[in-house]
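Look at the sequence and the structure first, then read on.

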Amino acid sequence: MPEGDSVYRATARLHQALAGQSLLSSDFRVPALATRDLKDYVVHEVVPAGKHLLMRLHPPVAGSSEFSTKPLTLHSHLLMEGRWDLYAANERWKKPAHTARVVLKTSTVTAVGFDIAQVRLVPTEQEAELIGHLGPDLLGADWDAQVAVENLQSNPQQGIGQAVLDQRLMAGVGNVYRCEILFLKRLHPLTQVGQIADLPAVVHMAHRLLTVNKDRTRRVTTGTERTREPLWVYGRAGKPCLRCGTPIALLKIPSTSEGSERDCYWCPHCQPAV
């Protein structure tokens with residue numbers, strides 16, 4: 001389940017493998033980009049933006065088309081199932097070929113984007129049209145906690161369980177971290193933002209959890225990577241709370257961006273309703 005930390009790791013792997021290399025070929029298996037050819041484009045960098053992945057490409061030489069003479073950005077949003085894998089020449093893919101949406105080959109590696117719901121290619125100067133709506137990136141170099149707090153405060157009647165998932169307010173929190181943040185701050189998921197006395201502490205916890213996990217292969221919120229129970233509440237419905245023993249509960253909370261309901265795990269004793 002890609003969240004800000006897993007997208008951060010994915011971009012780091014892609015950047016290390018591809019930056020500075022020319023593409024020998026590109027294969028877009030999405031209708032809108034099926035005819036696009038990025039052969040000889042050079043991968044400049046791969047960077048995250050919240051839960052979005054941006055691969056910036058420089059054209060090999062100036063051409064006749066205004067679009068093709070400008071740097072391009074290959075944007076992908078992994079959503080729930082998407083992932084990028086790297087393979088050596090002739091190495092067998094780990095997922096079925098029909099699930100591949102993008103295949104990029106260089107002289108040393110093949111990058112394959114599987115099950116990616118959103119794939120777009122735009123001039124880099126137009127990136128803001130794709131990610132300009134995002135709030136401060138929790139793992140970004142320009143992270144601004146105060147702006148994130150102010151964004152959350154803009155709708156005091158909104159439940160905190162819905163607000164922290166809204167990427168327009170702060171970018172990078174997914175469902176796992178939503179549940180863990182609220183548990184650690186002892187907040188009921190339906191508590192209105194305006195009722196929270198120390199909202200900066202909630203934002204700080206979000207930043208702390210993503211930061212400590214961004215370089216880990218295993219996401220952990222309860223202790224060290226060797227712990228048997230890496231998460232406090234997520235995915236533990238009906239199991240005893242690791243803090244008090246109360247069975248973990250589950251409720252559905254509508255998503256502001258996707259229009260669907262998402263599972264939210266919480267402890268009725270440690271996170272009482274206000």
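Two strands pair if DSSP finds at least two bridges between them. Helices (H or I, at least four residues) and strands (E, at least two) are DSSP runs, numbered from the N terminus. The model is predicted, so local features need pLDDT of at least 70, side-chain atom pairs count only at pLDDT 80 or more, and totals for chains, interfaces and linings use all residues. Residues are numbered from 1 along each chain as its sequence is written, and side-chain values use heavy atoms, without hydrogens and water.

**The sheet.** Four strands form an open sheet in the order E1-E6-E7-E5, with antiparallel pairing. Strands E1 and E5 are its edges, each pairing on one side only. From one strand to the next, the twist averages 15 degrees. E6 and E7 are joined by five bridges, and Lys105 has Thr110 in E7 as its bridge partner.

**The helices.** Angles run from 0 to 180 degrees between N-to-C directions, with axes fitted to C-alpha atoms, for helices over the stretch in contact.

| Elements | Angle |
|---|---|
| H1 (residues 4-18) and E5 | about 30 degrees |
| H3 (residues 145-153) and H6 (residues 199-213) | about 125 degrees |

H1 lies across E5 and E7. The axes of H3 and H6 are 9 Å apart at their packing angle of about 125 degrees, which makes H3 oblique to H6 (under 35 degrees is roughly parallel, over 145 roughly antiparallel, 65 to 115 roughly perpendicular, the rest oblique). In H3, Ala145, Ala148, Val149, Leu152 and Gln153 meet Leu199, Pro200 and Val203 of H6; contact means heavy atoms within 4.5 Å.
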